[in-house]
Amino acid sequence: MRMRFLAPVVLCAVVLASCGGGSNESKTEKKEETVSETPVDNSMVTPGAAEAAASKGAALIEQKDCKTCHKVDAKLVGPGYKEVAQKYEATEANIETLAGKVISGGSGNWGEVAMTPHPDVSKDDAKEMVKYILSLK
Ligand code: HEC
């Protein structure tokens, strides 16, 4: 127990020590980049609210295992996202139904293969993912 507790502490100390010298320079560089990018980001947020929402879904999909079975424009194990977008209108009801299927799994709409359930995905997150998918027409 004691060793287990100590190991990360020692590791952290080593990492911190080894980064200490060189990283100051790169930190300053990064700061400059962020500052120069900020105005660009701001100008995109207000007019592109829908796009921002879509990219949130894209980011969520990126974090999950979706891409092992889905690609944007081709069938893999499951249908391509563009096919899904063509099949369903982006209505609130469809988003709700499809989000439910992402969470509890689904089968019989595209073939014999079933989609695995994703009980760890919240309803809100699933809706963001579906919104992104249905935006890919
Ligand atoms: C194990 C493979 C697999 C994984 C992982 C997977 N899917 Fe699927 N997905 C499928 C299959 C197969 C279908 C077709 C199911 C059917 O015929 O009803 C499908 C269907 C869908 C559909 C359409 C459902 C319908 O009723 O038309 C959506 C939307 C979808 N997946 C989103 C996702 C998202 C988002 C994720 C990640 C959280 C994900 N999938 C992960 C295999 C997978």
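Start by selecting the side chain of His70 together with the ligand: one of the ligand's nitrogen atoms is 2.8 Å from an N or O atom of that side chain. Keep in mind as you go that this is a predicted model.

**The iron atom**

Which protein atoms coordinate the iron? They are NE2 of His70 and SD of Met115, at 1.9 to 2.0 Å. Show the angles next. The six donor atoms around the iron subtend 83 to 179°, so the arrangement is octahedral. The pair links distant parts of the chain, with His70 and Met115 lying 45 residues apart. To see both places, colour the loop between α3 (49-63) and α4 (81-87) for His70, and the loop between α5 (92-104) and α6 (123-134) for Met115.

Met115, at 29%, is partly exposed.

**Around His70**

Hide the surface and look at what else surrounds His70. A polar atom of its side chain lies 2.8 Å from the backbone oxygen of Pro79. Beyond its neighbours within four places in sequence, His70 is in contact with Leu76, Gly78, Pro79, Tyr81 and Met115.

**One step along: Lys71**

Select Lys71, which is found in the loop between α3 and α4. Lys71 has a relative accessible area of 41% and is partly exposed. Leaving out residues up to four places away in sequence, Lys71 touches Leu76, Pro79, Gly80 and Tyr81. For a quick distance check, pick the C-alpha atoms of Lys71 and Tyr81: these residues are 10 apart along the chain, and the two atoms are separated by 6.4 Å.

**The ligand's surroundings**

Cys66 is buried, with a relative accessible area of 12%, whereas Cys69 is partly exposed at 28%. If you are looking for disulfides, the count comes to zero.

Another is with Ser107, where the distance from a polar backbone atom to a ligand oxygen is 3.4 Å.

**Over to helix α6**

Move on to Lys127, which lies in helix α6. Is this lysine buried or exposed? Lys127 counts as buried, at 17% relative accessibility. Show its contacts, leaving out residues up to four places away in sequence, and you will find Glu92, Ile95, Glu96 and Ala99.

**The whole chain**

Finally, zoom out and switch to cartoon view. The protein chain has six helices and zero strands, and from the N terminus on its elements run α-α-α-α-α-α. Colour by accessibility, and 23% of the 137 residues count as buried.

Notes
Residues numbered from 1 in each chain as written. Predicted model: local features only at pLDDT ≥ 70, side-chain atom pairs only at ≥ 80, totals over all residues. Heavy atoms only, no water. Donors = N, O, S within 2.8 Å, 3.2 Å for Na, K, Ca; no water. Tetrahedral: all angles 85-135°; square planar, octahedral: opposite > 155°, others 65-115°. Helix = DSSP H or I, 4+ residues; strand = E, 2+ residues; numbered from the N terminus. Buried < 20%, exposed > 50% of the residue type's maximum accessible area, 1.4 Å probe, protein only. Contact = heavy atoms within 4.5 Å. Polar contact = N/O pair within 3.5 Å; in protein donor to acceptor, adjacent residues only side chain to side chain. Disulfide = S-S within 2.5 Å.
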